[in-house]
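Here is a short report on a predicted model.

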Amino acid sequence: RRIMSCHLSKDLKNQYHVRAIPVRKDDEVQVMRGNNKGKKGKVMHVYRKRWCLHIEKITKDKANGTQVQIPIHPSKCQIVSLKLDKDRKKILEKKKVVEKGKGKYKAGAVDMGLDQKLLLFTSLQHEIPVSYTH
């Protein structure tokens, strides 16, 4: 799933506090690299076997006149609008990044003293059960 993920646009990043999310059919994406740079369109097909997307308005003409979708890798795209359903909202909520504090440790985390570290190390070597005192 990670390989088939696209970055979100700046507006969506600020709204959901998520950098990237797996792309799905009916998401609207913008191509960021290549000959089709800047073009926007709706995802018609997520081709997982070939790791590419087929986007609505990005096609080329064959010699016999038929139009063919141009495959585009998801890393070269950016999601402009999401198709939200309850599963997608759950994924966004789960991936939501929380603001980090300044310190090395999170609030409530306690650093072990040197005595406790030594006790833990010796107990692991000799397989002795240890009781922690805080």
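Helix α2 spans residues 86-95, and its buried residues are Arg88, Ile91 and Leu92. Viewed down the axis of α2, these buried residues fall within an arc of 100°, so they line one face of the helix. An α-helix has 3.6 residues a turn, so residues three or four places apart point the same way. The face turned away from the buried side of α2 carries exposed residues: Lys86, Lys90, Glu93 and Lys94.

Ser9 sits in the loop between β1 (5-8) and α1. Its relative accessibility is 11%, below the 20% cut-off, so Ser9 counts as buried. Leaving aside residues up to four places away in sequence, Ser9 touches Gln78, Ile79 and Val80.

The count of salt bridges comes to three.

| Pair | Closest N to O |
|---|---|
| Arg24 and Asp85 | 3.3 Å |
| Asp26 and Lys83 | 3.7 Å |

Arg24 lies in the loop between β2 and β3 (28-31), and Asp85 in the loop between β7 and α2, 61 residues apart. Arg24 is partly exposed at 25%, and Asp85 is partly exposed at 34%.

Asp26 and Lys83 tie together the loop between β2 and β3 and the loop between β7 and α2. Asp26 is partly exposed at 33%, and Lys83 is partly exposed at 45%.

Arg88 in helix α2 pairs with Asp27 in the loop between β2 and β3, 61 residues apart in sequence. Arg88 is buried at 1%, and Asp27 is buried at 0%.

Conventions:
Residues are numbered from 1 along each chain as its sequence is written. This is a predicted model: local features need pLDDT of at least 70, side-chain atom pairs count only at pLDDT 80 or more; totals for chains, interfaces and linings use all residues. Side-chain values use heavy atoms; hydrogens and water are left out. Buried means under 20% relative accessible area, exposed over 50%, partly exposed in between (1.4 Å probe, protein chains only). Helices (H or I, at least four residues) and strands (E, at least two) are DSSP runs, numbered from the N terminus. The arc is that of the directions from the helix axis to the C-beta atoms. Contact means heavy atoms within 4.5 Å. A salt bridge is a side-chain nitrogen of Lys or Arg within 4 Å of a carboxyl oxygen of Asp or Glu.
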